[in-house]
Amino acid sequence: MNEIEVSGVAASALHELPAFRTATRPEQPAPRVTGYFAGKEGWCLLAVLVLLWQVVAWVVPSRNRFLFPSPVVTIQALWSSLPELGKGTVSSFIILIPGYIAAVVAGVALGILAGTTKWLERLTVPFTRVVAPVPPTVYVPYAIALLPGFRSAAIAVVFIGAFWPVFVNAMAGAASVPQRLRDNARVLGLGKVEYLRRVVFPSSLTHIFSGMSVGLAMSFIMLTVAELFGANAGLGRFVQFYADYADYPRMVAGILFTGAVTFVCMRALDRLKRRALFWQR
Amino acid sequence: MGTQTAPDRRPTLELDGVSFGYQNTAVLAEVTLQVREGEFICLLGPSGSGKSTMLRLLAGLESPQKGSIRLGGAQVVGPGLDRGVVFQDYSLFPWMSLTENVVLAIGKAHPGLLREQRHELAEEYLELVGLAEARAKYPGELSGGMCQRGAIARVLAMGAPVLLMDEPFGALDPVNRTRLQDLLLEIWNASKPARTIVFVTHDVDEALLLADRVVVLGACPGRIIADMEVPIPRPRPRRQTYARPEFHTLRKTVNEHLQGDMLRRLSDAETVEEAAGI
C-alpha cells in the first residue's frame, strides 16, 4: 500500500524538483554485476559450502565419520530413501494442509473483522499481547494428550502456530486501509459485507501475505515438532527415527529433504502472492 | 449572500450557519451558502480555507458541529447516492479494472440492472470519456489523467444529480488538465437536466472558465469572502473566453479578494506560520 500512497500528490510534487528528477532517472544505468555468476551469487555460496562440507568430511577422523557423513554419502542415503521420504511428505501434508488452510481462513476472517470493528479490536488485546507470543510448541504435548489421535492433535498445533501471525497481520492490514479508500467506499454506499470483501480484504492483502509466509514457516516448525513427539510417519518422524538408530546419513538426508520441501512451499506462496497482488506492480 | 434565485432554479444544496473544526482549530465558521439546481459552482480559496472540508460536509463524510446542510430540502446525514464524489486522486480502487470500478458503482446506484446491462452502461460511459480502449486496464497501469477520466465516468454512470469534485484536476499536468476541463464542460453542457456541480479548486482561471458562480473562501477560519456570478455566456471556448474583458475584470476582483484575505492574516498574525494557518 505504501507504494500507492507515495504515487499521489507528494510524488508528483517531488518529480517537479530537478534534483529529484536526476536522482530517479539516472543517465546511465546503475553498475550491475555482469558475467556468468550474475544473479546466482546465492547458489554459488551454497556450492562453496557443500564443497567445504566435503573437505571437512575428509578431514574428520574416521571413527567420527558416521556422525558426520560426507555429501556424497548423504546424497546416496537421500536417493535410497526417496520412496520413504515421499510417503513421509504425503503423511506430513495431510496434517499441514488442513491446519494451515484453516488457520489462514480463520485468521483472515477474524483479523479483518477485528481490524475494522473498534470493540472487537479492544477485545483481542489481551489475546494478541499475552496468548499470541507464547511459543506454540509448548502446546504440543498437551494437544497430543487432549485430542483423540495424533493426527487431530498435530493439525490443531499447526493451526495454532499459523493462526496468530495471519490474524495479527490481517488485523493490522484491515486497520490501516487508507482514508481515501474508506471515503470512496462510503460515497459509493457499499454495505458492510461488500466493504469488507471488496475494499478491506484486497487492501489488506500485502499484510495478509506477510502473515501467511510467517504462518507457513511456523506450521512447518509445529509439524516437525509434533512429529518428533508421536507420529508413525512424516518428515519429522523420519529424522527422529534415523537419529534414534544412529543412521546419520539418512537423518541428514531427511533434514535436507525437509528443507527442500519448505523451500518449494515458500516459493509457491510467493508465486501466489505475486498473482494476487498483480495490481501493485 | 448574493443569491439571485431565478424562478426555474430552486436552491438544491443549502448550507446554513455551518461551522466545523478539529480540537482547537476552527476550519469553517458560520458558512451560509445556497447552490441552485443545475448550477456549476466553484469553491475557490487558499489552503486552510476549508474548501475541501466544505465538500466533505456536503458529501456527508463529515458532520457539521453547528448549523445544517440540506439537499433538496432534506437534512444531509451521511453519504448518499444522490451525490457523486470525485476526489483528487485515489478515486478508483487499484485492484479493480476500470470496468470493474464503474460496474461496482453502477451496481450500487442502479441495483435493478442485470449484470450485462451494468457492463454495457459502464462501457458506454468509459467510451464517453475516451477510455474505451483502456477499459480492462488497472489504475496502476494508467496515467493520472486517465484515472481521473475513469473517476468521472464512474460518477456520471451513477447518475447522481449532484456532483462534488474536490480538486479533481489538481494533480494533473497542464495539458491533461486542459483536456479534462473541456471534457467536463462538454459533458455538463450536454446533460439534460443539467447536473449541479460543486467544484473545489485553487486555480482562479479554472474556476472562471468552468463555473456559473465563484465562491471565494478566506482562511483561518474558513469563511466566504466573496460570492460572484460569472456572466460569461456558454459555450466558453477557451481562447475566446480568456480574451474577454469580463474574464480579466473578474480575475482581478477574485485575486484582490484572495490577496486582501492574505494581507489581513499577515497583519493579524505574529508570525508567518500563524498567517499560513500552521
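Mentor: A residue is called buried here if 20 or more other C-beta atoms lie within 10 Å of its own. Please keep in mind that this is a predicted model.

Trainee: What share of the 281 residues in chain A is buried, then?

Mentor: Buried residues account for 32% of the 281 residues in chain A. In chain B, 40% of the 278 residues count as buried.

Trainee: How many helices and strands does chain A have?

Mentor: Chain A has 12 helices and 0 strands. Read from the N terminus, its elements therefore run α-α-α-α-α-α-α-α-α-α-α-α.

Trainee: And which residues of chain A have pLDDT under 50?

Mentor: In chain A, pLDDT stays under 50 over residues 1-27, and the model has 16 contacts beyond four places in sequence for that stretch. The average pLDDT of chain A is 85, with 87% of the residues scoring at least 70.

Trainee: At what angle do α5 and α6 of chain A cross?

Mentor: Helix α5 (residues 71-116) and helix α6 (residues 118-131) of chain A have axes that cross at roughly 115° and come within 5 Å.

Trainee: Which residues meet there?

Mentor: From α5(A) there are A:Leu113, A:Ala114 and A:Gly115, and they meet A:Leu120, A:Glu121 and A:Thr124 of α6(A). By class, this contact has 3 nonpolar, 2 polar and 1 charged residues.

Trainee: Turning to the contact between the chains, how many residues does each one give?

Mentor: Chain A gives 19 residues and chain B gives 19 residues. On the side of chain A that touches chain B, α2 (9-16), α9 (179-187) and α10 (192-230) each supply at least two residues. The most comes from α9(A), with 6 residues.

Trainee: How does that side of chain A divide into nonpolar, polar and charged?

Mentor: The side of chain A that touches chain B has 9 nonpolar, 5 polar and 5 charged residues.

Trainee: In what order do the 4 strands of the open sheet in chain B lie?

Mentor: The order is β2-β1-β4-β5 (chain B), and the pairing is antiparallel. The edge strands are β2 (25-36) and β5 (74-75) of chain B, each of which pairs on one side only.

Trainee: How many bridges join β1 and β2 of chain B?

Mentor: Strand β1 (residues 11-22) of chain B pairs with β2(B) over 8 bridges, in the antiparallel sense. One of the residues involved is B:Pro11, whose bridge partner in β2(B) is B:Arg36. The hairpin of these two strands, β1(B) and β2(B), has 2 residues between the strands, and B:Gln23 takes a positive phi near 40° in it.

Trainee: Where does β4 of chain B come in?

Mentor: Strand β4(B) is joined to β1(B) by 5 bridges, and the two run antiparallel. There B:Leu15 has B:Ile69 of β4(B) as its bridge partner. Strand β4 (residues 66-71) of chain B is also joined to β5(B), by 2 bridges and again antiparallel. B:Leu71 stands opposite B:Ala74 in β5(B).

How values were computed. Residues numbered from 1 in each chain as written. Chains lettered and ligands numbered in written order. Predicted model: local features only at pLDDT ≥ 70, side-chain atom pairs only at ≥ 80, totals over all residues. Buried ≥ 20, exposed ≤ 12 C-beta atoms within 10 Å, placed from the backbone. Contact = placed C-beta atoms within 7 Å. Nonpolar A, V, L, I, M, F, W, Y, C, P; charged D, E, K, R; others polar. Axes fitted to C-alpha atoms, helices over the stretch in contact; angles between N-to-C directions. pLDDT = per-residue confidence, 0-100. Pairing = 2+ DSSP bridges.
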